[in-house]
Amino acid sequence: MNPSNYKILVTGGTGYIGSHTSVKLLQEGFSIVLIDNLSNSSINVLNRIKELTNINFDFIEGDIRDKRLLRRIFKEHKFDAVIHFAGLKAVKESEEKPLNYFENNISGSIVLLNEMDRANVNCLVFSSSATVYGEPSETKCSEDSQLCPKNIYGQTKLIIEEILTSLKKIQPKWKIVNLRYFNPIGAHPSGLIGEDPNGEPNNLMPYISQVAIGKRDKLFIFGDDYNTTDGSGKRDYIHIQDLADGHIATLKKLLQGSPLKININLGTGKSYSVFEVINAFEKASSKTIPFEIISRREGDVGEIYADITYANDNLDWSPKFDINDMCKDAWRWQSKNPNGYNE
Ligand code: NAD
Ligand code: WQD
C-alpha cells in the first residue's frame with residue numbers, strides 16, 4: 001500500500017498518544033488532519049510535531065461533539081479513515097463527574113460516527129483500554145477474557161466498544177478495531193514530545209518523573225501487600241513508540257481490507273512491579289526516587305498484563321522496547337522539558 005494515497009482524521013491528535021502517532025503517520029507518508037479541543041493538551045505540540053517531521057498538516061481546534069464543525073470538516077476533506085483518540089481519561093475524575101464522561105466520551109463518539117457515516121467514511125481505529133477488563137480472574141488477559149470495568153471511565157470505553165461491535169455486525173461496511181492499550185509510558189526518543197499531565201499526575205510514570213525533576217518530594221506507592229512478586233502492583237507497560245507503531249500497523253491492515261478481530265490488545269505481554277519501575281528509572285536518570293508506602297488505591301488490581309498473541313500474529317507488529325528504554329525516554333522528555341509544553 002502507498003500511504004500517500006490516504007488521508008486520516010486524528011481526533012485528540014495533540015494529546016499524548018495522538019501526538020506520537022501523528023508523527024509516525026506523517027513519517028509513513030499519510031496525509032493527516034488533527035482535531036482537538038485542547039482540553040488536555042497544548043497548542044505547542046503542533047510545532048514539535050512539525051519540527052520532528054518537517055511535514056505540514058492541518059489542525060482544527062474544536063470539539064468532536066460539535067456536529068456542524070465535523071460536518072464541515074468531512075465536507076472539506078475526503079478522509080479514508082479516522083483514528084479516534086479524543087476522550088477524557090482520568091479514572092478518579094470520572095467518578096466525580098460521571099455525566100461529563102458519558103457526554104464527552106460516549107456522545108462525542110456517536111457524533112463522530114454519524115458524521116463519518118454521512119461522509120461514507122467507515123474505517124475507524126478506536127482507543128480502548130485494558131481498563132475494560134477490570135479485575136480479571138487471570139492476570140494474563142486475552143481479548144476474550146471477561147470484561148468488567150471498575151469505574152465510570154472504563155464503563156465509557158466498554159459502552160463505546162459495544163456500540164462499535166454492534167455497528168460492525170449490523171453494517172459490515174464498517175471496518176473497526178478497538179485497540180485495548182495496557183499502560184503506555186515513555187516518550188519520543190528526541191525528547192521533543194511526551195506526556196504532560198495537568199496538575200498532580202494520576203499515573204505512575206509521570207509521577208516518578210516529577211519526583212526525579214524535583215517537582216514532587218516523593219512517590220506514594222499504593223500498597224505493598226498484593227499477592228505479587230514484591231507486594232506492589234504489576235502492570236504491562238508499553239513504550240509509546242511501540243503503541244504508535246501498533247496504530248500504523250492496524251490502520252494499514254484495515255485500509256488493505258484484511259479481516260481483523262474487532263478487539264485487539266496492545267501491550268508487551270510482560271508485567272513490572274512499582275519497585276521494578278522505580279529501579280529502572282533510577283538507573284536511567286541517575287536520580288534517587290524517595291517513596292513512601294501508603295494504602296492501596298481503590299479500584300486497583302494486583303497484577304494484569306496482556307496476551308498479545310493476536311496482535312503479534314495478525315498485525316505485522318511486535319513491541320521492540322523494554323522498561324529501561326521506556327524510563328530513559330521518559331526521563332529525556334522530563335529533563336529537557338521540566339515544565340512540559342509550558343515553555
Ligand atoms: P490525552 O488526554 O493526552 O489525549 C486526549 C486528547 O483528546 C487531548 O488532547 C484532549 O484535549 C482531547 N479531547 C478530549 N475530549 C475532546 C473532545 N470532546 N473533542 C476534541 N478533543 C478532545 O490522552 P492520551 O493518553 O493520549 O489518550 C488517548 C486515548 O487513549 C484516550 O481516549 C484514552 O482514554 C485512551 N487510553 C489512554 C491510556 C493511557 O494510559 N494514556 C490507556 C488506555 C487508553
Ligand atoms: C500503575 C501502578 C498503581 C501511581 C491507569 C488507568 C487505565 C489506563 C492506564 C487509560 C499501579 C501504582 C501509581 C502512584 C503508585 N488509562 N501507582 N503510585 O492504574 O494500571 O492504569 O492508566 O485507559 O485505565 O486506570 O496505571 O500508572 O495509575 O498505576 O503506586 O502515584 O502504579 O497502584 O500498581 P493503572 P497507573
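Predicted model: local features only at pLDDT ≥ 70, side-chain atom pairs only at ≥ 80, totals over all residues.
Strand β5 gives the shell around ligand 1 its largest share, three residues. Residues are numbered from 1 along each chain as its sequence is written, chains are lettered from A and ligands numbered from 1 in written order, and side-chain values use heavy atoms, leaving out hydrogens and water.

Around ligand 1 sit 27 residues, with Ile17, Asp36, Asn40, Ser41 and Tyr153 coming nearest; a residue counts as near if one of its heavy atoms lies within 4 Å. As for polar contacts (pairs of N or O atoms within 3.5 Å), an oxygen of the ligand is 2.7 Å from a side-chain N or O atom of serine 41. On its own, ligand 1 exposes 810 Å², and the protein buries 95% of that (Shrake-Rupley method, 1.4 Å probe).

Turning to salt bridges (a side-chain nitrogen of Lys or Arg within 4 Å of a carboxyl oxygen of Asp or Glu), the count is 19. One of them joins glutamate 115 to arginine 71 at 2.9 Å, N to O. Glutamate 115 belongs to helix α5 and arginine 71 to helix α3, so the pair ties together parts 44 residues apart in sequence. Glutamate 115 is buried at 2% relative accessibility, whereas arginine 71 is partly exposed at 30% (buried, under 20%; exposed, over 50%; partly exposed, in between; 1.4 Å probe, protein chains only).

Methods
Polar contact = N/O pair within 3.5 Å; in protein donor to acceptor, adjacent residues only side chain to side chain. Helix = DSSP H or I, 4+ residues; strand = E, 2+ residues; numbered from the N terminus.
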